[in-house]
Amino acid sequence: MPSNWAVCMVKDAFMINPKTKADDDMEAGFVPMSNIQDSYKNRFSFEPRTWGNIKKGYTHFENGDIVVAKISPCLENRKSAVMIGLPNGIGAGTTELNVFRSDYVHPLYGLFFFKSDYFISQCVGTFNGVVGQQRVSTKIIEDVTFPVPPRLEQERIINKVNELFKILDDISAEL
């Protein structure tokens, strides 16, 4: 690890599952698990709903938050995304998500970490629950080691990963 990087646990780098407060009549985005695409990319869609209709019984998130599936096989299939473009910057969705918010970790850098084989391998084998409804505990995720480079290095990593995804997209289009 480079000397100017920090190493901490996920719980020290992120607020986990923060709550959102908003007026009941505000428009928000509702994100069921089926609206989060599985892949290495950041793809999801939302359904417009009023906050009063989704604030109870669902997981809260805001623009810039990272959502990560906690249920198997969605976690292994990389169902995770950075929430962007939500109406009024707020949303709620399936209870099968953990939400991560940070003031110093770039959301896309965090997303690439949560989609990594390293992170997923730390979770697989720790699931609890019945077959078909197995979940990773938030406590397990909190204690996963998380590398934190300086902000400019996070942005360099993001740019390089996006550049490589573009190359892969171009190759796929030619096949």
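Biologist: In which helix does L168 lie?

Modeller: L168 belongs to helix 6, which covers residues 151–174; helices (H or I, at least four residues) and strands (E, at least two) are DSSP runs, numbered from the N terminus. This is a predicted model, in which local features need pLDDT of at least 70 and side-chain atom pairs count only at pLDDT 80 or more, while totals for chains, interfaces and linings use all residues. Residues are numbered from 1 along each chain as its sequence is written, and side-chain values use heavy atoms, with hydrogens and water left out.

Biologist: Is L168 buried or exposed, or does it count as something in between?

Modeller: A residue is called buried under 20% relative accessible area, exposed over 50%, and partly exposed in between, using a 1.4 Å probe and protein chains only. L168 has 48% relative accessibility, so it counts as partly exposed.

Biologist: Which residues form a nonpolar patch with L168 on the surface?

Modeller: A patch takes residues with over 30% relative accessible area and no salt bridge, joining like charges within 9 Å and nonpolar side chains (Val, Leu, Ile, Met, Phe, Trp, Tyr) within 5 Å. Here L164, I167, L168, I171 and L175 make up such a nonpolar patch, and together they have about 520 Å² of accessible area, a value from the Shrake-Rupley method with a 1.4 Å probe, where for residues only the protein chains shown count as cover.

Biologist: How many aromatic pairs are there?

Modeller: A pair of aromatic rings is described by the distance of the centres and the angle of the planes. Rings of Phe, Tyr and Trp (its six-membered ring) pair if their centres lie within 6.5 Å, and planes under 30 degrees apart count as stacked, over 60 as edge-to-face and the rest as tilted. By this rule the count is 12 aromatic pairs. One of them joins F14 and F114, a tilted pair with 5.5 Å from centre to centre and 50° between the planes. F14 sits in the loop between helix 1 (10–13) and strand 2 (15–16), whereas F114 sits in helix 3 (residues 107–114), so the pair ties together parts that are 100 residues apart in sequence. The rings of F114 and F119 have centres 5.0 Å apart and planes at 85°, so that pair is edge-to-face. F14 and F114 are both buried, and F119 is buried too, with a relative accessible area of 0%. A single aromatic cluster is formed by F14, F100, Y109, F113, F114, Y118, F119 and F146.

Biologist: Where is K79 found?

Modeller: K79 is in the loop between strand 6 (66–69) and strand 7 (80–82). Lys and Arg count as positive and Asp and Glu as negative, while His and the chain ends are not counted; a salt bridge needs a side-chain nitrogen of Lys or Arg within 4 Å of a carboxyl oxygen of Asp or Glu. K79 is buried yet has no salt bridge, and D38, the nearest side chain of opposite charge, is 5.4 Å away. Contact means heavy atoms within 4.5 Å, and, leaving out residues up to four places away in sequence, K79 touches M33, S34, I36, Q37, D38, V67, V68, A69 and C74.

Biologist: What is phi of R78 near?

Modeller: Phi of R78 is near 65°, a positive value in a residue other than glycine. R78 also lies in the loop between strand 6 and strand 7, and its 13% relative accessibility makes it count as buried. P73 has its place in the loop between strand 6 and strand 7, and the peptide bond from S72 to P73 is cis, with omega near 5°.
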